[in-house]
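Biologist: I'd like to go through this one with you, a question at a time. Could you put it up on the screen?

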Amino acid sequence: MIELLQRLGANTRASFTKLGRATNFLLLAVIGVLSVLPRPHLLVNQLYSVGVLSFLIITISGLFVGMVLGLQGYYVLSDFGAEGRLGFMVAASLVRELGPVVSALLFAGRAGSALTAEIGLMKATEQLSGMEMMAIDPIKRIISPRLLAGLISMPLLAALFSTVGVVGGQIVGIGLLGVDNGAFWSQMQADLDFQDDILNGVIKSIVFGFVATWIALFEGYDAIPTSEGVSRATTRTVVNSAFSILGLDFILTALMFGEN
Amino acid sequence: MLKLLRLNKISRHHNELSLTSMVLVIQNTQFSFGYTKNLLSMDNSVSPQNSLVSVHNLSFSRGSKKIFDDVSLEFERGKITAIMGPSGTGKTTLLKLIGGQLMPSKGSVIVDGQDVHKLRRNELFNLRKRMGMLFQSGALLTDMSVYDNVAFPLREHTHLPESMIRTVVLMKLQAVGLRGARDLMPNELSGGMARRVALARAIALDPMMIMYDEPFTGQDPISMGALAHLIKSLNNIMGLTSIIVSHDVHETSLIADYIYVLSEGKVVGQGTPKEIQQSSSEWVQQFMTGAADGPVHFHYPAKDYLDDLLSIGKRY
């Protein structure tokens with residue numbers, strides 16, 4: 001029993017120490033962003049590997065999620081003869097929830113794991129240490145551009161996901177199930193609120209992008225520099241990002257939509 | 001002009017290095033003439049006045065294990081000083097302490113008159129620009145070509161135009177004999193080549209000193225010889241101060257001017273390679289001749305063998 005308590009105490013302490021290290025790391029990385037701004041090529045390279053390379057997975061997933069939403073929504077709404085609301089339903093679910101959340105989960109799996117593995121391996125092969133000895137701060141040179149790239153890419157990817165999703169819903173709803181074209185689009189246009197729906201969705205995706213990138217970068221930087229250490233860090237990135245994204249989504253949704 | 005002539009003379013002495021390296025020497029005079037001058041007027045005594053790096057009463061522990069216990073070392077300007085000792089004696093840790101990547105629990109490290117561990121971050125970084133380090137693995141950036149790796153510190157620290165960076169990079173690569181490999185990626189290089197590229201990168205900013213972490217480990221005889229030759233000639237031509245951490249007795253003895261032998265956190269022997277060879281210390285003799293048993297036991301500490309065999313012991 002005492003051993004259990006001891007272990008609990010040790011684990012709690014270790015978690016808080018890690019959280020402290022992560023916060024310190026984040027502060028340094030955020031300060032480092034200032035030195036990235038005058039050197040845009042560093043950012044552009046990362047935007048490509050973090051953002052552009054995630055394009056395909058986000059587009060395809062968005063399309064299928066939209067198509068499924070169209071199908072399921074139609075079955076439910078047609079019972080009430082409200083097929084005309086399909087456009088609004090698909091768009092609202094995508095913009096408010098599925099767009100930011102699913103694209104953030106995909107982002108953590110696709111870009112986050114790659115970031116952790118890359119940085120963990122750079123650490124294992126002494127590249128980070130080597131940079132420090134060349135008087136180059138690895139946080140400024142390696143971490144900050146990636147953090148900024150994640151922060152910029154994520155809302156754009158979420159927007160892409162939602163847009164493609166709406167197209168998917170339209171293909172199924174209008175193309176296959178015969179929902180009225182005018183009703184589909186006009187109801188979407190009339191009922192979707194810019195501030196309540198779209199802006200809140202964008203805020204969510206920025207928060208998720210920030211957290212997912214932070215976790216990925218920190219896990220890589222903090223990884224034990226062996227092959228096993230890097231593989232564990234990569235797993236932790238995906239698991240912790242998923243938990244954080246879903247947990248934060250609940251909190252943000254409660255804050256944003258709670259009053260209505 | 002006289003200085004240049006004297007430098008050329010040195011360069012001719014090392015006629016293996018080509019004309020471009022002579023240009024390299026001339027170019028170096030602008031950046032590091034102070035050290036070159038030192039090379040020309042060096043004497044053989046090890047005195048703190050002539051030391052570039054001084055380690056005073058250094059202690060360092062990792063967890064409960066004491067890695068260094070009150071160690072004092074002097075690294076003379078313009079010389080190659082080797083630190084030898086068996087694996088696990090903290091030789092790499094010593095280089096990290098000198099480079100300011102680790103903090104000692106006691107003692108100080110003075111590099112070119114500055115206490116490394118009392119410097120502020122930007123002062124430390126300024127000092128590091130004048131310290132090259134060659135990691136065991138080379139530590140090349142794997143997403144860049146050989147050319148970009150050597151250009152990396154120049155691009156980060158200077159505002160030189162690309163045309164000038166190209167000239168410097170090609171000179172440095174020529175000095176290590178890999179000008180023709182400039183377009184290769186690090187994963188296309190052999191271990192020895194990777195270390196030579198890393199060496200070119202380490203000398204890109206014309207440092208005053210270079211620290212070599214196990215430069216000979218895992219090398220075939222030819223690349224080992226090439227590296228030893230390169231370390232020696234770079235040290236002499238560029239007027240560097242070199243610190244080599246190694247357990248390759250033969251190669252290191254050939255090029256080192258002074259050797260420290262470390263064991264269990266203490267200096268157990270020091271002197272010129274000749275003095276070390278003739279050392280009366282049992283420990284140093286065991287290390288230099290590679291005897292399996294001696295002061296360093298073959299067996300990890302254990303209880304009596306017979307008792308151990310006859311006892312029931314815990315189940316595995």
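This is a predicted model: local features need pLDDT of at least 70, side-chain atom pairs count only at pLDDT 80 or more; totals for chains, interfaces and linings use all residues.

Modeller: Residues are numbered from 1 along each chain as its sequence is written, with chains lettered from A and ligands numbered from 1 in the order in which they are written.

Biologist: Where does the kink in H6(A) lie?

Modeller: Helices here are DSSP runs of H or I with at least four residues, strands are E runs of at least two, and both are numbered from the N terminus. H6 of chain A covers residues 138-176 and reaches 53 Å from first C-alpha to last, close to the expected 57 Å (1.5 Å times one less than the number of residues). The bend is the angle between axes fitted to the seven residues ending at a position and the seven starting there. It comes to about 30°, shortly before A:Pro145, at A:Ser144.

Biologist: Is A:Val102 buried or exposed?

Modeller: A:Val102 belongs to helix H4 of chain A. Buried takes 20 or more other C-beta atoms within 10 Å, exposed 12 or fewer, and partly exposed lies in between, with C-beta atoms placed from the backbone. A:Val102 has 20 such neighbours, so it counts as buried.

Biologist: Which strands stand at the edges of the chain B sheet?

Modeller: Strands pair if DSSP finds at least two bridges between them. This open sheet has 4 strands in the order E2-E1-E4-E5, with antiparallel pairing. Two of its strands each have a single partner, so one side of each is left without a neighbour in the sheet: E2 (65-76) and E5 (114-115).

Biologist: How many residues of chain B are in contact with chain A?

Modeller: Contact means C-beta atoms, placed from the backbone, within 7 Å. Chain A brings 10 residues to the interface, and the number from chain B is 13.

Key: Two residues are in contact if their C-beta atoms, placed from the backbone, lie within 7 Å.
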